[in-house]
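Have the structure open while you read.

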Amino acid sequence: MQKLKYIIGGNKRALVKDVQNFKIDFNTADVHNFVQARQYENTMRQVFVDLVNEGDGSPYDLTGANIMFEGTLPDNTHKIMDAKHGVILDPQNGQFRFDFPKQAFAVAGSYTQAFFRIMRDGDSVTTLEFDLEVLADKVISGLVPADYITPFEDLYDELEAIVASGNKKVDEAIAAWNAKFQAKFNEIAALSQDVANHLIEMRAQLDVIQDKIKSSDIATASQLKEELNKVRTDLMTEIGKRPTNQMVIDMLERGFANFDGGQPHAIDDEATLKKTYPSGHDGVFITINTGHMWMWGPQGAWIDGGPYQSTVIKDQSVDITKLAGNAQAPIFIPSKDGIPNYDSATNTFDFRCNTDSAYFMMNNKVIQVPQPLVVKNSVFANPVTTSAKLIYDADSGSFSFIGWTEKLGINQTMIGGLRRSNKGWFWSGSMDITVDGKEVNQYIIPSNILFSISSKVAPDFNTDTREFNFNSQNHTTATVFIGDRAIPVPEGTIATPTEEALTGNTLRLVFNVVDYSAKIINWTEEVPPYCVALTTILMNYYGHPLIMGGFPYTIDGADPDAEKNKVELTPSKDGAPIFNVSDRSLDLNCYTDSAYIVYNGNSYRVPRQTIIESNGDFKATSIKFAFNPASMEFKSLGWNEPVELGWTVIASARLTVGNEVLFSANFPITVKGASFKSRATDNPLNAKIKGINHRGFNTVAPEESRSAYLLSKQNGYHHWEGDINWTKDNVPMMIHDLAINRTARNLDGSQISGTVNLTDLNYADLAKYDFGIVKGDRYKGEPLLSFEELVKLARYNDTFLHIEFKYAFTDEQVQILHNIIKKYNMLDRIGWQAFGWDNLKPMMALEPNGQYELLGGDINDDYFNKMDALKTDNNTIIASQDASRSVVDIQKIADKGYPIYLWTVDDGDTVRKFRNIGMVEGIMTNGAINVADELTK
């Protein structure tokens, strides 16, 4: 007796290198088990098998197990499936014996595949591969190779016995045999789907044989055997095809370890499934959280199969006739008598079908509302109940009210919902209704209504179109206050007139508190639903409109108060009046000369040193400055303070975001201290360490714009830096990038598509773009600043310019720049800078006494040699360096005696890092810090 030993979990299976030409390779170091037998041996060839567990070597428990031998004969045609000849010797110690039948040795040679299958409770537990060689017997011959499947062989014998016995009760005998065959059939079919498919075919053929037996077409055992051989041959031919199917091969190699008989597995969720079985798993998994079924697909991924055992409804397969009444929204057509009305006193709902009928469309059917029909709402008999549903019952054909929480019946349809509150009545449904004759969904609006204008621009009334522009902006909206409710007026809101308002003399401005729209209506028109009246507009008040709202406004863009009072001020030779943000005073600037006020045709000389002091309310953001012609007195008033008889307002001021100031006056006013940083420290023009504002105050305003440079001055900077690029028609413009895309937008605020270079645009083309909106709506419409405009701005504000050559300019372009500077007498107020130092030579030739700021460069001997070559007795050479360099490097430049500028610094520590190097004379910043402040910390 041969002995085989297997380590369960430890043996490696021999590989199949060629799936199509199936042959297991046993020439590996890990495959040791083999069996040899002589051709035609019968039951005497036995093997003893010993099974142990991997790791501790303990015996493998065979309790309750069955042994099956399966193999493909050396002719690679016939199969063996023998579940009859395995004997469990010692189950606890994992030992069994197998007695091979003679059919196993019908063909000489090596088996294509041979293994024992361990079965328990109908499941395949594992397979034990071994090499089976059959030695040729030249003496004995005559055993014809055939398929041998023991689960059916015994049943075939019984069937032959039934036929041979000539039993008259053939039907009963075959029925009993058929039951046994079906049980065995089910057991074997459970091994795999392929096997099941082949057995189903065999089952059909056996049914034909049974019919032949019953009809006496098969009357002898030999005839039966012939028919059975045909079935056996067909079955094994089909089974023989299985190794060509890769999925079947994989399943055989896994030993059916994962086969679960098709029962779904429950698992928490998709994530847990994919984490637990990242490489897939046989069978169906149901995710508990969704109820969806998941399967491992042929593409190597988990597939969501949708709800498990749910009915799939095809698209567009359900029409309205399949829906229950409570699943539909009805369509309502009112009668000619008008829309329905709810009477709050009697709690009745009148469909108003007195002379005509109303109709509903429900479930593809037209429902006619009876004439007349009034529905009682008994739900509201309870005074604490606030909500009810109006329904239609298709079974009774009636309408009624039910409680809000009551469920609809299967044939009931909700018409609408009604709610009452101390704020008014509210209705939501398939039609409009009135309550007590008035439209519903209107708030009971309190009487204390206030309107506050935008802090940026006052609203404007257009006398031609009769439109009222709220001038509400994104960050500074106009606001309507209703009781304790504040409603921001949407940006861009304009109240348009009704047809009647176009010709009326007295108008009202109304605002919708639900959709935030506005209208101008005639005085005789009713206020529309959900609306409040904000102001009255008198169209012909002493020749011009008067808006009675208690808020500032303009008429056709002009201040009506200034025009109405005919107040004008002619400034003194000392300059325009000065508004001081800090103390809210207005200095009329009359020191060496007098200013004059013209009022109602009379001229009044303003006394010297007149300053209109603040009223003391420094929290207020709006101020009026008043003048009394009779007493020649001046005073300031709060915005809500009345103007007393004999006084007239000569100017008004509004402090906006960051202490910017808006004025309403007929004369220019200069602002002192208006800044995003209140009371900004001054960085003097001739300071030892100058504060230079890089591209203007670009942390707030659009870089290198008029607004940015003016804010720079207001924030204490007297040195402005900028860059020059040229238009196609040779106009120098202040812009850092050659392409305008980063700093410009289309006029509608949208992004510019494609790269647009300044050199491809003529100066006139720049009007097609907005260079301010990138910094917010407050700068919308800001144009690109030309170099000449910047020079004039610097002259007016007494500032010094630092202008960069972005590349080598032509001689003509350099001459243009020089001419502009010379024209405005600013030759001593400009420094020219460039990274390409040679680019400055044409300007050096035109202006030998100029200041030239050499940007960047590695600090070495070559650096200093090039600087020395450009230095003359007349010019000024500045070493303009990156502030990220070390103190040691900057000190080397100082040791050579060159003045130093550092860029770009937006933190105080860097300022203080270099402040003790004597030749550091300028620090450039974007405006995030105040250089003068940081130097003293």
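Predicted model: local features only at pLDDT ≥ 70, side-chain atom pairs only at ≥ 80, totals over all residues.

**Entry 1**

I started with Glu-704, which sits in the loop between strand S51 (690-694) and helix H8 (706-714). Glu-704 is not a glycine, yet its phi is positive, near 60°.

**Entry 2: another positive phi**

Arg-466 also went into the notebook, with a positive phi of about 60° although it is no glycine. I found Arg-466 in the loop between strand S30 (460-462) and strand S31 (467-469). Its relative accessibility is 13%, and the cut-off for buried is under 20%, so Arg-466 counts as buried.

**Entry 3: a cis peptide**

Next I looked up the peptide bond between Trp-903 and Thr-904, which is cis, with omega at about -25°. Thr-904 belongs to the loop between strand S60 (900-903) and helix H14 (908-914).

**Entry 4: helix H12**

Which residues of helix H12 (residues 861-870) are buried? I noted Tyr-863, Phe-864, Met-867 and Leu-870. Looking down the axis of H12, I see these buried residues fall within an arc of 125°, so they line one face of the helix.

At the N-terminal end of H12 I found a cap, Asn-860, with a side-chain oxygen 3.2 Å from the backbone nitrogen of Asp-862.

**Entry 5: a four-stranded sheet**

I traced an open sheet of 4 strands, ordered S13-S14-S15-S16, with mixed pairing. Strand S13 (265-267) and strand S16 (302-307) are the edges; each has a single partner strand, so one side of each is left without a neighbour in the sheet. From one strand to the next, the twist averages 35°.

How many bridges join S13 to strand S14 (residues 285-287)? I recorded 3, and the two strands run parallel. Opposite Ala-266 I found Ile-286 in S14.

**Entry 6: salt bridges**

My search of the whole structure gave 21 salt bridges. One of them pairs Arg-742 with Asp-737, and the closest N and O atoms there are 2.7 Å apart. Arg-742 is partly exposed, at 43% relative accessible area. Both residues turn up again in a network of salt bridges that links Arg-695, Glu-703, Asp-737 and Arg-742.

I then went to Glu-788 and Lys-823, whose side chains meet in a salt bridge (3.0 Å, N to O). Glu-788 lies in helix H9 (residues 787-796) and Lys-823 in helix H10 (residues 811-823), so the pair ties together parts that are 35 residues apart in sequence. I have Glu-788 as partly exposed, with a relative accessible area of 25%, and Lys-823 as exposed, with 58%.

Arg-885 counts as partly exposed, at 21% relative accessibility.

Methods: Residues numbered from 1 in each chain as written. Heavy atoms only, no water. Buried < 20%, exposed > 50% of the residue type's maximum accessible area, 1.4 Å probe, protein only. Arc of directions from axis to C-beta. Polar contact = N/O pair within 3.5 Å; in protein donor to acceptor, adjacent residues only side chain to side chain. Pairing = 2+ DSSP bridges. Axes fitted to C-alpha atoms, helices over the stretch in contact; angles between N-to-C directions. Salt bridge = Lys/Arg side-chain N within 4 Å of Asp/Glu carboxyl O.
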